[in-house]
Amino acid sequence: MENWNKQKLESSDILNLCEKYNFLKKFQNNQTLSRIFSSILLRKNITEGKDILYYIEEDLRFQHNPFLITGMEDAVDRIISAQEENENILIFGDSDVDGISSTAILYNQLKRMNINVQWRLPTQEDEEECFGLSKKAVEYCYNNDISLIITVDCGISNLEATAFANQLGIDVIITDHHNPQEVLPDAIAVINPKHPQSLYPYHLICGAAVSYKLVSALRFAQTDFYNAEICFLNISENKEEKCYEINCAKIKNLVKIKELNEKIYPEKTSIYDLKTINFIQNQIIYVWNAQATKKLLNDIFGNGVEFNFIDFSKEAVIIHPSLNSISTDELSELSLIAKYIPEEKTTINSLINLYTTYCRKKIAEIHKNHVLQEKEDLQLVALATMADIMPMKNENRIFVKNGIKSIKENPCNGLKELLAKLQLDPQTVTSTDLSWTVIPCLNAAGRLKQPDTALQLLLEENAFERQKIAEKIFELNEERKELVSNSVFKVHEDAIKTLNKYQNKICVVSSTEIPTGLTGLIANRLMTDFQVPSIAISAEPSEDKKFRGSIRIKKGLVATEFLSQFGDDFFSDVGGHDLAAGFSFDSNKLELFYKNIERLLPTLASTNQTEQKEINAEIPPEYLNPEIFKIIDIFEPYGHENPELIFCSNQLVLNDKALVGKKEPFHLKLTFNCGNCKFPAMYWKHGEDIDKFHINSQYNVIFTLNRNYFKGNIIPQMIIQDIEGC
């Protein structure tokens with residue numbers, strides 16, 4: 001067990017974090033659980049309130065405002081214009097789960113708006129359309145009277161196609177999440193959280209999340225709140241400086257756009273000297289308690305000055321009765337978001353945050369269909385977030401938590417039929433089920449050059465037709481499994497040779513045995529097998545004499561940055577994320593590709609060292625009971641940058657042992673005495689070690705925890721990672 005490390009913590013640090021965020025309340029005054037939770041956060045280096053927020057809270061109001069993304073208003077206005085002018089729109093998507101989810105989310109919304117909309121995906125039969133918007137797609141639009149193209153999950157690198165569309169008088173809106181190049185497409189709007197001018201607080205969301213943000217903005221545009229500029233004002237007495245402080249802020253589409261703070265010294269400051277007067281002129285002005293605010297201003301400036309305010313406290317009390325008779329000072333103390341983000345703990349910010357909540361509730365009352373649409377959209381956003389291996393941090397956690405919750409309640413069209421075909425119960429489906437079973441199935445269609453099939457599953461209105469499509473997708477996935485296994489087997493020897501050649505730093509294989517649509521899966525399998533960055537290149541003959549490939553990495557390297565070092569002119573097309581990227585190049589450059597790999601070897605880290613694995617917390621044996629799952633559930637969903645929690649428990653007494661499994665390798669099932677609870681544990685592929693374990697002996701165990709759903713019963717169990725006798 002020498003490769004395991006449990007970071008030592010100061011008990012004072014654990015207690016301070018517990019008290020600061022009141023974890024005792026979260027765990028109903030259970031001190032041990034709250035301290036274990038606090039210690040896990042510390043070991044994961046999650047100590048800032050803005051990060052802790054997304055582990056504690058899951059309310060959709062903690063999503064980031066879509067209008068913080070640069071160009072969002074321009075995109076919304078252009079789509080509304082197309083709606084009013086009865087224009088034809090084409091949505092151009094990508095062929096993976098993220099791409100088809102992005103397309104389905106936006107397509108459904110535009111159909112609801114009665115817009116003439118079509119969709120198009122790269123089929124990969126036409127090699128020209130492998131990496132985003134193509135000139136051929138633009139020509140199709142020109143010949144079919146389509147005046148607006150909206151890309152989803154692609155387009156950020158399609159400068160030529162966008163310029164070609166402009167020449168033909170076709171507008172383009174880019175929605176994407178891939179890493180932007182230095183020069184951006186000349187589009188009506190480029191909606192990308194990674195846009196260099198974007199104020200969006202979190203950049204690492206998937207393409208479907210970006211599409212969902214555009215749809216959320218379109219839904220907001222259907223309300224009276226859209227483009228309404230509102231001013232908030234608060235005045236307070238500063239007894240220390242013997243003055244009054246005026247704080248004003250303007251918001252538009254619930255985004256703060258301007259702010260002003262001024263001090264008024266009685267009998268010294270003239271009302272005509274105040275910048276506030278111009279700031280609030282011709283504005284709708286909201287205050288908390290208009291009567292008290294007017295009285296204070298009259299005391300300062302006399303009764304001759306008229307101020308017209310809207311008393312927001314009266315509106316807020318309707319949706320939050322507990323706010324009745326609350327002062328402005330108390331308001332900022334009650335702000336939930338201010339609990340996690342100290343800079344939000346101002347009266348003005350508290351008013352804006354409360355107004356945002358108020359707007360969401362009013363919109364939900366008036367537009368009940370928006371709530372249902374949002375739930376369905378989040379199912380696809382959750383799938384895409386996991387499929388594109390986005391970090392399980394920040395609002396990604398809200399997307400996935402709410403998406404899975406919605407799937408459990410009522411799976412959307414297509415997903416319902418696919419879950420049934422895969423024999424998965426929606427009510428017990430987990431992020432693991434979706435990641436390992438559902439997502440590969442949906443991805444298989446695109447991998448085998450039939451992405452249209454997966455999108456049709458999500459858009460088809462007839463339930464019987466959806467069942468037939470789900471059956472076809474299941475069959476495609478079985479075919480995909482066999483193709484990947486065969487390809488990996490055939491290139492295995494070449495992979496080992498390149499590992500030796502490249503100092504065990506990177507694995508690179510190129511072969512006619514690698515199908516074009518499977519390069520990403522094969523690169524990922526090689527990376528998993530050899531634990532190094534891996535590249536798979538399809539050398540299948542093509543009409544355009546280009547080879548296509550994919551790179552997959554885990555950490556310590558940015559895929560797109562690594563490929564950029566090949567030079568500006570090397571690749572015909574390239575794009576991707578930090579962990580994954582795709583590319584194409586002229587087939588006569590293969591030898592030069594390998595020479596570039598050799599040149600870049602010094603930039604790659606060696607993987608010869610054994611990586612230490614971290615233990616997140618130690619659990620006393622008496623606390624190994626179903627209550628511990630309160631912590632497990634808080635850290636769900638697990639995924640990239642949020643791996644499953646690993647625990648250790650010492651001196652566990654073995655109560656029982658047994659072999660399980662129908663064929664070799666057999667597994668070992670152990671049962672430990674844990675206080676008042678007997679806790680089962682699975683030790684996968686260790687059936688041959690059964691004689692090494694002795695009843696009533698004590699063992700130190702390192703493990704993860706999960707629930708086993710079997711014949712309607714839910715059985716908590718350990719999954720042993722390592723074990724030793726005491």
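Helix 10 (275–280) and helix 11 (290–301) each give at least two residues to the lining of the largest cavity. Helices here are DSSP runs of H or I with at least four residues, numbered from the N terminus. This is a predicted model, where local features need pLDDT of at least 70 and side-chain atom pairs pLDDT 80 or more, while totals for chains, interfaces and linings use all residues. Residues are numbered from 1 along each chain as its sequence is written, and side-chain values use heavy atoms, without hydrogens and water.

A cavity is a set of points, on a 1 Å grid over the protein atoms alone, where a 1.4 Å probe fits but cannot get out; lining residues have an atom within 4 Å of a point. The structure holds three cavities of 30 Å³ or more, a volume being the space filled by probe spheres set on the points.

The largest cavity has about 50 Å³ of space. Helix 10 supplies the largest share of its lining, three residues. Among the lining residues are Ile 246, Thr 276, Ile 277 and Phe 301.

The second largest cavity has about 40 Å³. Its lining includes Phe 220, Lys 252, Asn 253 and Tyr 355.

Now the helix pair. The axes of helix 6 (residues 97–112) and helix 9 (residues 207–220) come within 7 Å and cross at roughly 15 degrees. That makes helix 6 roughly parallel to helix 9, a label for angles under 35 degrees. Axes are lines fitted to C-alpha atoms over the stretch in contact, with angles from 0 to 180 degrees between N-to-C directions; contact means heavy atoms within 4.5 Å. Residues meeting across the pair include Ile 105 in helix 6 and Leu 214 in helix 9.

How values were computed:
Angles under 35 degrees count as roughly parallel, over 145 as roughly antiparallel, 65 to 115 as roughly perpendicular and the rest as oblique. On a 1 Å grid over the protein atoms alone, a cavity is a set of points where a 1.4 Å probe fits but cannot get out, and a pocket is an open set with protein on both sides within 12 Å along at least five of seven lines; lining residues have an atom within 4 Å of a point.
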